[in-house]
Amino acid sequence: MENPMSAQLKPSEIVRQLSQHVIGQEDAKRTLAVAIYAHFRRMSANAAEDSVELTKSNILLIGPTGTGKTLLCETLARILDVPFVTADATSLAQTQFVGDEIEAILHRLLDRASDDIDRAQRGIVFVDEVDKLKAIGGEARATSGESVQHALLKIMEGAPVRLKDGRHIDTTNILFICGGAFVGLDHILTQTHTFGFISTTGGDDHKILERLNARVKPTDLLEFGLIPEFAGRLPIVTRLHDLTQDMLIRILTEPRNALIKQYQKLFKMEGVDLEFRPEALDAIADRAMERKTGARGLRSILEHALLDIMFELPSMRNLKKVVYDDNLFNADAQPLLIYEDAPLQQGGARE
Ligand SMILES: Nc1ncnc2c1ncn2[C@@H]1O[C@H](COP(=O)(O)OP(=O)(O)OP(=O)(O)O)[C@@H](O)[C@H]1O
Ligand SMILES: [Mg+2]
């Protein structure tokens, strides 16, 4: 094992580090952490070449848009210090040459690994929007979703892929995480599931996986047009949940590079402090909830709200602090401006 550090990261440590960047989604974090831990264990066991060959378990992340699927995978790759690329299943389905496209994805992975094949072969590939790969017969204009699934399952399982320059990448130890919103899945679940007692016989890990998977069965995925062989290559299924107003506020303020922290840094470069009172944070989170795009709306909402002041900022003199409270979205809203040795003043630019 060339990367003993990653192998030794325990699931609890992986979750702890993920939580510095991703708010909530505890089920998904725990499932990912257990799966990753097992993945690295498996790699070192197989490298040791003893009798039992452990096979890989790729992962399916199901969750609404903007709730952290891509962020979780990106963060995971950073924590593990392995190369990471994302690919979009819908664009794979739009090309006529899915093989070339897959080769290109692996080539990007190799780029991220600074051209180190060994390192690339231990990377993570995130394939987004797999719920759009419907198996519909008779589609000729582009590759059908179904043939994309066939192409993907081959490399997910592990196969040598020939690159344009003649080198090969073996995907056996590359971890594939698939993502998708699977809109309407809950409806399917309520129709097909009888919730009841789940008996488990295996060890603790098995029990955890069992419990977390209990809610989504491969057959539920088939209703989305996933072919059985593809769904079968994704034995670990976990779900991300809609973000609550409270979680959106935490996303604004808590992660390492939270949006509010970023704007505060930007303002600080002009020598100005930026403060958001709780009422302002509530208002931003409310707007984001209305948009139904998860945390994705937060940035544009903030950007829009701060546009005027950011325009004025570089030419304002003696300004010490900008404070937003429930004035944030009012019609003629102006932040509270606090100047160097001057009384409080409400309003935009001076003079
Ligand atoms: N749980 C979360 N914690 C912190 N930030 C989050 C969280 N969820 C989303 N974000 C932020 O919102 C933005 C969008 O998140 P992300 O790209 O992970 O969404 P997604 O689930 O992949 O959505 P899509 O299905 O549309 O691809 C990112 O900038 C991310 O920082
Ligand atoms: Mg995404």
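**Salt bridges**

Mentor: Arg 167 and Asp 165 pair through their side chains in a salt bridge, with an N to O distance of 3.0 Å. The model is a predicted one. Arg 167 is partly exposed at a relative accessible area of 29%, and Asp 165 is likewise partly exposed, at 42%.

Next comes the pair of Lys 321 and Glu 275, whose side chains form a salt bridge at 2.8 Å, N to O. Lys 321 has a relative accessibility of 25% and so counts as partly exposed. Glu 275, with a relative accessible area of 24%, is partly exposed too.

The pair of Glu 26 and Lys 29 is set within one helix. Their closest N and O atoms are 3.5 Å apart in a salt bridge. Both residues lie in helix 3 (residues 26-47), separated by 3 residues, about one turn of the helix. Glu 26 is partly exposed, at 41% relative accessible area, whereas Lys 29 counts as buried because its relative accessibility is 1%, and the cut-off for buried is under 20%.

As for the total, the count comes to 12 salt bridges, among them the pairs Arg 167 with Asp 165, Lys 321 with Glu 275 and Glu 26 with Lys 29.

Conventions
Residues numbered from 1 in each chain as written. Chains lettered and ligands numbered in written order. Predicted model: local features only at pLDDT ≥ 70, side-chain atom pairs only at ≥ 80, totals over all residues. Heavy atoms only, no water. Salt bridge = Lys/Arg side-chain N within 4 Å of Asp/Glu carboxyl O. Helix = DSSP H or I, 4+ residues; strand = E, 2+ residues; numbered from the N terminus. Buried < 20%, exposed > 50% of the residue type's maximum accessible area, 1.4 Å probe, protein only.
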